[in-house]
Amino acid sequence: MSAVTHILERRARLVAEAEAQRRSLTQGLAVCRSVFVVADRGIAWAAWLRARPYLVVAFVTAIAVLRPRFALEWSARLLTLWRVGRLVYDAIKPLAGERAPRGKKEQAEPTPRA
């Protein structure tokens with residue numbers, strides 16, 4: 001058996017294996033599709049509201065005026081949610097920096113000279 005034949009057979013085997021892995025990954029992600037859709041919509045709504053903070057202020061003010069007891073009960077929950085969110089964000093933020101592409105990270109740091 002020549003080296004070229006061996007390489008071609010190995011290549012065909014690897015291509016078939018990669019295709020099987022792609023199919024498996026596609027099926028696995030299809031199961032999580034609904035979760036991804038909800039998360040994507042949530043991120044889109046958060047970005048939309050972040051660009052329009054006056055709407056959030058108007059909504060919260062209207063609730064506080066119309067239903068003060070409801071606003072007071074939920075304010076404690078929202079404050080707790082905010083604090084937990086900040087805690088999680090602060091814990092995840094350094095990890096995101098470690099996942100930066102190596103090429104950019106190496107270019108940003110000057111190399112020490114001896």
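**Aromatic pairs, helix packing and a pocket**

Two aromatic pairs are counted in this predicted model, where rings of Phe, Tyr and Trp (its six-membered ring) pair if their centres lie within 6.5 Å, with planes under 30 degrees apart counting as stacked, over 60 as edge-to-face and the rest as tilted. One of them joins Trp-45 and Trp-48 in an edge-to-face arrangement, 5.7 Å centre to centre and with 80° between the planes. Because Trp-45 and Trp-48 are three residues apart in helix H2, about one helical turn separates them. Residues are numbered from 1 along each chain as its sequence is written.

Helices H2 and H3 pack at an angle of about 90°, their axes 4 Å apart, which makes H2 roughly perpendicular to H3 (65 to 115 degrees; under 35 is roughly parallel, over 145 roughly antiparallel, and the rest oblique). Trp-48, Leu-49, Arg-50 and Ala-51 of H2 make this contact with Pro-53, Leu-55 and Val-56 of H3, contact meaning heavy atoms within 4.5 Å.

Helix H3 (residues 53-66) also packs with helix H4 (residues 68-98), at an angle of about 125° and with the axes 5 Å apart, so H3 is oblique to H4. Here Ile-63, Ala-64, Val-65 and Leu-66 of H3 meet Pro-68, Phe-70 and Ala-71 of H4, and the contact has seven nonpolar, no polar and no charged residues.

The largest pocket holds about 730 Å³ of space, a pocket being an open set of points on a 1 Å grid where a 1.4 Å probe fits, with protein on both sides within 12 Å along at least five of seven lines, and lining residues having an atom within 4 Å of a point. Of its 17 lining residues, Leu-49, Val-56, Phe-59, Val-60 and Leu-78 are the closest to the centre. Helices H2 (33-51), H3 and H4 each give two or more residues to this lining, which divides into 14 nonpolar, two polar and one charged.

Terms used:
Predicted model: local features only at pLDDT ≥ 70, side-chain atom pairs only at ≥ 80, totals over all residues. Heavy atoms only, no water. Axes fitted to C-alpha atoms, helices over the stretch in contact; angles between N-to-C directions. Nonpolar A, V, L, I, M, F, W, Y, C, P; charged D, E, K, R; others polar. Points joined across faces, edges and corners; volume = space filled by probe spheres on them.
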